[in-house]
Amino acid sequence: MLRQTVLPPRLPIVLLGVSVGFSLLGDMALYAVLPVAHEALGLSPLQVGVLLSANRWVRIGTNHLARSVLERKTAPGALAIALTGGAAATLAYALAPGFGLFLAARMLWGLCWSYIRHIGVMTSVAAGEGRRAAGFLGVYSGVVQAGFVLGTVIASILFDLVGYRLAFLALALVSLAGIPFELAAFRALPHRLHAEPQQGYDHPDLFGAWMLVRGFIVSCVATGLIISTLGFALRSRFGETMAIGPIVVGITTVTGVLIAAHYAISGLGSPPIGAAIDVIGHRNAEIAGFASGFVALLVAGTLGQTLVLLPAVVLFFIATVACKLALYAGAGSAGSSRFARMATASDLGAATGPIVGWIAIDRLGSPDSVFAIGAALYAVAALSALWRRPAAGKNCPGE
């Protein structure tokens, strides 16, 4: 039995977020380093694409495995094992194996992340005890986002300083530092994961199915369609440089700044956005978020030849953070099984979005098609969030 330690309510969630942030170092490093070093590692561009997406496809099959195992095991021990497995995957990257073993390591990371994400989200939601679920989840998400940013930056610096192998060896060792943080977090939060819906939430039905559709859409459009094609859209509209007042900036720099803004909004914006969601309700937050995202993408598609494109993209990122927090908090509050389905829908969207976006560009040759598809999907999500069942709808997540 874990000994409970008295800490400020949100501090254990911060510690949990730190532990998960450490686990992300190797994964984010691979995104930064592999496109640069793949030739030296004997990997083709196609193999790079497979490796960078393999973990998402694996999670589609392992999210429910994580849920079913965690219903029978305690979260602290399971998370420590998953964090160790993630560090082992990073160590495997350092060995610069052939494609087959590299792919196995990426699949191992996908399995580990299913457990890490499930425990992190469900513990944060449970700590919020329903009425503060989105706020606590926002704190957790904000801390975890630092892992995305630091993993990318630190890996790039280490790669340039000490080379590929030593960089990943160092990151594998540092990843293990997350284990003491998660143990400290669970000493202060000894409650179990919620395997069943909390009181006041009903079981999955048509409303739950539409929640999954919205989970698919938010990841498909944000991670898949927009972020993966943003550089192409900017170059198509403005060329190789962009004039912002008297300053001329390279289009690659602008792309990097906007993507960094996405992570900054997710990191710094998640706590206040999550707190606001607890005030206005999950359902109202989804409606506002998807409607705002629809407007932002519509503006980006129709006025994209002007500098209005930049604030439109930033507004879209803010709206997306609100949508994700509302969906994850609502699904988590409805129980472990519901969240596992939401995580799978989200992973499926993130995996298919880039394919849809680049097929549209290949066939139509214009980024307008990407913004149009994204706007149409967000419109569908907003309308589905507006729909209320006649009788039991008031008891569902999202109200």
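Mentor: Let's start with the rings: the structure holds 10 aromatic pairs. Rings of Phe, Tyr and Trp (its six-membered ring) pair if their centres lie within 6.5 Å; planes under 30 degrees apart count as stacked, over 60 as edge-to-face and the rest as tilted. Keep in mind that this is a predicted model, where local features need pLDDT of at least 70, side-chain atom pairs count only at pLDDT 80 or more, and totals for chains, interfaces and linings use all residues. Residues are numbered from 1 along each chain as its sequence is written, and side-chain values use heavy atoms, with hydrogens and water left out.

Trainee: What makes F232 and W358 an edge-to-face pair?
Mentor: Their ring centres are 5.8 Å apart and their planes stand at 65 degrees, so the pair is edge-to-face. F232 sits in helix α9 and W358 in helix α13, 126 residues apart. Helices here are DSSP runs (H or I, at least four residues), numbered from the N terminus.

Trainee: Why is F232 called buried?
Mentor: Buried means under 20% relative accessible area, exposed over 50%, partly exposed in between (1.4 Å probe, protein chains only). F232 has 18% relative accessibility, so the residue counts as buried.

Trainee: And how do you know whether W358 is buried or partly exposed?
Mentor: W358 comes out at 38%, so partly exposed is the label.

Trainee: Why does Q145 count as buried?
Mentor: Its relative accessibility is 15%, so Q145 counts as buried. Q145 lies in helix α6.

How values were computed: Helices (H or I, at least four residues) and strands (E, at least two) are DSSP runs, numbered from the N terminus.
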